[in-house]
Structures are given as C-alpha cells and as structure tokens.
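Visitor: I would like a short tour of this model. Please keep the answers brisk.

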Amino acid sequence: MRKFLKWLGISVTAAVLLVGGYYTYSIYHFTNQISVASGQDSKFKPQAQTQTNVQPVEVSLPPEWDGTERVNILLLGGDSRGEDSGRSDSVMVASIDPVTKKATLMSILRDTYVNIPGHGQSRLNAAFSYGGPDLTRQTVSDLLGIPIQYYVYTDFNGFIALVDSVGGIDLDVEKDMHYTSKADKHQFDIDLKKGMQHMDGKTALQYVRFRHDATSDFTRTERQRKFITELGGKIQSTSSLIKLPSILNSISPYIETNLSTTEMLQLASLGFNIDATTVAKQQIPPNELVRGETIKGAQVLGVDERKLKRFIQNLFEQENKPVTTTVDAATTIKDTP
C-alpha cells in the first residue's frame with residue numbers, strides 16, 4: 001500500500017509539473033507572439049507610409065509603469081478588412097489603480113474632434129490610419145491629460161476569435177438591430193433580435209458595432225462598455241482558465257501590444273484580482289461636455305479639453321468613494337483660469 005501511495009504521489013506530482021509547464025510555455029509563447037516589445041514586427045501598416053506627401057511623425061515613447069501607480073491601457077478595435085489599416089472602430093481606455101484594485105473603463109467617442117500630432121485636427125479615429133496604435137495612444141493621452149503606458153490592438157477577426165474561444169457570451173439585446181452594407185459584400189451585416197441570447201463571435205461583433213439609431217455612437221459605446229464588462233467576467237471564470245492555452249493560441253494572430261512579457265504577466269495578475277462587476281464605466285467626452293459642430297462640412301464632436309482633463313481627474317478621485325456618479329464629476333468643473 002505504501003509503495004502504491006508513493007508511486008501515486010510521484011505520478012500526480014509529475015502530472016502537475018507537466019500541466020504547469022504546458023501553461024507556462026503557452027503564456028510565454030503567446031506574449032512573445034503579440035508583443036512588439038519582444039522584437040516582433042508590427043502588424044499595422046499606416047496609410048502615411050504609402051503616401052509620398054506625408055512625412056512619418058515621431059511619436060513619444062510611453063512612460064514607464066512602476067507597478068504601483070495607476071496604469072492606463074488603450075484598447076483599440078480596428079475596422080481593417082485585411083487590405084489596409086482602416087480607422088479605429090472603437091477606442092477605449094482601461095484605467096486601473098493597482099493599490100485599491102479598482103478600475104474604470106472609458107469609451108471615447110470616435111468622432112471627437114482632436115489634435116493629432118503631426119497631422120492637425122481631425123476626428124479621433126483618423127489617428128489610427130495616420131500612425132497606428134502609437135499615434136492614437138499619444139493623441140488620447142494628450143486629450144485626456146493622463147499618461148497612457150500601453151496599448152492593445154485587435155481587429156474584427158481578433159474580436160470574433162476571442163469571443164468564440166471563451167464559448168460566447170450571454171447578453172440581453174435591448175432592441176432589434178438591423179443594418180446592411182453592400183460595400184462590405186454583406187460580410188458585416190447586422191441582424192439581431194431584442195431579448196436575451198447567446199452570442200458567438202460574429203453575433204457579438206454585430207452587437208458592439210451597431211450605431212444606426214437616433215443616438216448613434218453614444219449608445220454604441222454604451223453597448224461596448226456593457227459587453228466588455230461581461231466578457232471580462234467570462235474570461236475570469238474557471239472554465240476559461242482551464243481553456244487558457246487554447247484561448248491564447250486562437251487570438252494571438254490578431255493581437256498587437258507594446259506590453260513586454262513581464263508587464264503582461266504583471267497586469268494579468270492584477271486583472272484577476274479585480275471584480276469585473278465593480279468596474280466603473282464612462283463615456284468620454286461625457287454628455288455634459290460634448291457639443292455637436294460642423295467643421296469643413298463634416299459633423300464632429302467638439303469638447304473643451306481643459307474641462308475634460310479636469311473631469312478625468314475628478315472621476316479618478318471619486319473612484320474610491322462609496323457612491324460615484326458621472327454627473328458629480330461633471331458638475332465639479334468650474335471655469336477657473
């Protein structure tokens with residue numbers, strides 16, 4: 001009996017080591033595949049590189065994160081169809097306080113009229129086509145007045161692969177959604193029915209992209225924040241952790257980040273200590289600060305950047321309070337010099 005127990009113990013230990021080694025290898029391989037910090041070539045090809053009349057813009061390096069201060073990560077969803085870079089279809093910033101383990105998810109309206117370094121003023125989503133994730137990171141950092149250390153970029157295919165790899169998401173669709181486009185040969189048509197349903201990757205992409213209603217990008221970004229919160233909770237689930245190697249293998253071809261392997265592991269550990277249901281969600285600019293404008297015949301969203309920066313600081317200050325509302329953050333803004 002003792003001999004049997006001894007060999008059983010050895011077998012279990014060997015199995016644990018093998019499984020642990022497999023997980024470690026999968027994570028290390030994944031981080032090296034997606035990180036430009038590890039020497040991988042960028043998957044992104046800026047349109048500016050193909051234009052003879054546009055000079056490349058030198059983008060400032062992101063500030064280093066020491067692991068104790070608030071970290072801000074730019075989350076970019078590209079609308080490229082495989083032929084060119086396209087523009088950013090969604091722009092979000094995940095802001096995490098590593099001390100309090102609290103987080104805020106901010107979705108930025110892509111039609112916000114901003115200054116793009118080296119390219120003048122334009123809609124925010126144009127920054128991606130000019131200089132990719134790095135130029136978008138610098139543009140958003142300047143707009144919000146906060147250091148944005150990292151970016152994570154994926155396209156439609158990456159989004160679909162991620163949702164499918166975790167087994168889909170159960171979500172309540174608030175209304176019927178329909179849209180067709182001949183330009184995309186109907187590949188990205190939208191046809192959703194109101195009510196609770198299980199979404200695979202393609203269905204989820206329809207949900208987060210729909211913007212053809214009265215409030216357009218305002219309600220679209222609200223849906224995106226809602227979906228990302230649900231997705232975050234699903235990724236933290238035990239079933240997803242068990243499937244982690246296959247999940248990483250599925251999404252690695254479609255993701256790019258400037259995070260190093262060490263930084264990714266550090267942030268992953270931090271992320272799993274955050275309750276996805278407590279993440280604060282915010283539209284940027286908030287309704288109180290945004291204004292519709294027509295510039296050169298185009299409809300854009302204007303904002304007083306000084307007030308917006310103060311709004312962001314107030315938002316972070318209120319993050320640790322028992323009751324936090326976006327209205328409070330906005331109403332504390334005053335026209336001081």
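Visitor: Which residues are buried in helix 5?

Guide: This is a predicted model, where local features need pLDDT of at least 70, side-chain atom pairs count only at pLDDT 80 or more, and totals for chains, interfaces and linings use all residues. Residues are numbered from 1 along each chain as its sequence is written, and side-chain values use heavy atoms, with hydrogens and water left out. Buried means under 20% relative accessible area, exposed over 50%, partly exposed in between (1.4 Å probe, protein chains only). By that cut-off, the buried residues of helix 5 are D217, T219, R220, T221, R223, Q224, R225, F227, T229 and L231.

Visitor: How far does helix 5 reach from its first C-alpha to its last?

Guide: Helices (H or I, at least four residues) and strands (E, at least two) are DSSP runs, numbered from the N terminus. The expected span is 1.5 Å times one less than the number of residues. Helix 5 (residues 217-235) has 19 residues, with 27 Å expected. Its reach is close to that, at 26 Å.

Visitor: At what angle do the axes of helix 3 and helix 4 cross?

Guide: Axes are lines fitted to C-alpha atoms, for helices over the stretch in contact, and angles run from 0 to 180 degrees between N-to-C directions. Helix 3 (residues 156-165) and helix 4 (residues 201-209) have axes that come within 8 Å. They cross at roughly 125°.

Visitor: How are helix 2 and helix 9 oriented to each other?

Guide: Angles under 35 degrees count as roughly parallel, over 145 as roughly antiparallel, 65 to 115 as roughly perpendicular and the rest as oblique. The axes of helix 2 (residues 126-144) and helix 9 (residues 305-318) cross at roughly 85°. The two helices are therefore roughly perpendicular.

Visitor: Is L289 buried or exposed?

Guide: L289 sits in the loop between strand 12 (280-284) and strand 13 (290-295). Its relative accessibility is 13%, so L289 counts as buried.
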